[in-house]
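Which residues and helices line them?

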Amino acid sequence: MTSRVLSRARLGTVLTFALAGMLCGVWVSRTPALADRFGLSDGSVGVAILVWGIGAIIAMQGLRGVMARAGSAAVLRVAAPLTALSMVFVALAPSWPLLLAGVAMFGMTFGLTDIGMNAQGSAVERSYGRPVMNAMHAGWCAGAISGGLLGALSASAGLSFGQTLCGGGVLALPAALAIGRTYIPEHTAEDEDSPTATARRSRRVRMPLVVYLVGALAFAAFMMEGSIADWSGLYLSRELGAGEAVGALGYPLFEAAMLTGRLVGDRLRGRLGTRRLLTYAGLGTAATVMVVVLAPVPKVALLGFFLAGLAICTVTPTTISVAGTVAPGRSAGAVAQVGAMGYGGLVLGPVVIGFLSDVSSLRVGLGVAAVLGLLIAAGARYVPMRRLVAFRGEREVERDTVTLAA
């Protein structure tokens, strides 16, 4: 594989992350407008969000075998354009039942795009032979921020929920089709035609236990991210008495910090090693979330949200990267499994926080994120020590200087 092809694949994968982040940012920023369009209660809007998340998890888990057989490049070339089209379907849905059907379709296609782009990123990273996954996830943050700004601008311009989502989907469709030309096929640590690989496929062995351990770390990271995304605004306004404008700053600050941290995350991982990076990230998350929980005024809480974004930002891309190396010959399936477990945390987190805030307070609910940080730090010691392998044409070049763990 030439360096030019590899560079194109890396750029294409980053752009795919940015495109997915943009679609998600538009969806999240305009979801509250669902209530105005259909006259829904907050609970009904929550049902729509839940349907989206469940659809993503079902697709990730149920189609893991398709990903393993077809490869991420083939899946992305279908799933990414379908994600854009399904957003248009949501925008044009004339009734509540059809809206839910469209949201489920959007969630499923988005879930496939998510595991596809992570598996493609893992393939590119292994071809490079050094960590690049954090930079790819930085593309997601940039896309999410731009999608959120697009949603905010459309709202201020008086555009409806349907008009905004339709515009986002129409813009994303040609971009998804064009980016599809840049993807590369997965390479594995063993020849796919070897007797060992053939026997493994025929036995359909379960994923190694370590894949589920890495998935548990992703679950904790996604759960923490989802909790802040859904509850930061209410925490600032309800618990600390901030105005609506200040309350809306919590999540953008958190996302901006994640973008900043991910731009340097690969270099940090190269210096510290995976285990040490995850340990520091978990401890930092616990400490910074406590700054939020104990904040006496909104300014302190906003600082805590920013620092929490810096602390947690490397966990998700690092777990995806590790997933791509711990099951040789089945990297796409391992990435899909870890991604599905992560999305489980994204869906469950806000529900748990909401329950705890009902029975106690939102401060107590957000305190769960600090516990999750400690669990990430504790689980980091069990991440296996493996080296990234670079593939150049028919040769395998093992990079002794780049390790997945310190």
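Helices are DSSP runs of H or I, at least four residues long, and strands are runs of E, at least two long, both numbered from the N terminus. A cavity is a set of points on a 1 Å grid over the protein atoms alone where a 1.4 Å probe fits but cannot get out, and its lining residues have an atom within 4 Å of a point. Points are joined across faces, edges and corners, and a volume is the space filled by probe spheres set on them. The structure holds two cavities of 30 Å³ or more.

**Largest cavity**
- At least two lining residues come from each of α1 (3-30), α5 (72-92), α6 (96-128) and α8 (161-179).
- α1 contributes the most, with four residues.
- Eight lining residues are nonpolar, three are polar and none is charged (nonpolar: Ala, Val, Leu, Ile, Met, Phe, Trp, Tyr, Cys, Pro; charged: Asp, Glu, Lys, Arg; polar: the others, Gly among them).

**Second largest cavity**
- The second largest cavity holds about 30 Å³ of space.
- I228, V289, V292, F305, L366 and A369 form its lining.
- Two or more of these residues come from α13 (274-293) and from α17 (362-379).
- The lining has six nonpolar residues, with no polar and no charged ones.

**Basis**
- Residues are numbered from 1 along each chain as its sequence is written, and side-chain values use heavy atoms, without hydrogens and water.
- In this predicted model, local features need pLDDT of at least 70 and side-chain atom pairs count only at pLDDT 80 or more, while totals for chains, interfaces and linings use all residues.

Methods:
On a 1 Å grid over the protein atoms alone, a cavity is a set of points where a 1.4 Å probe fits but cannot get out, and a pocket is an open set with protein on both sides within 12 Å along at least five of seven lines; lining residues have an atom within 4 Å of a point.
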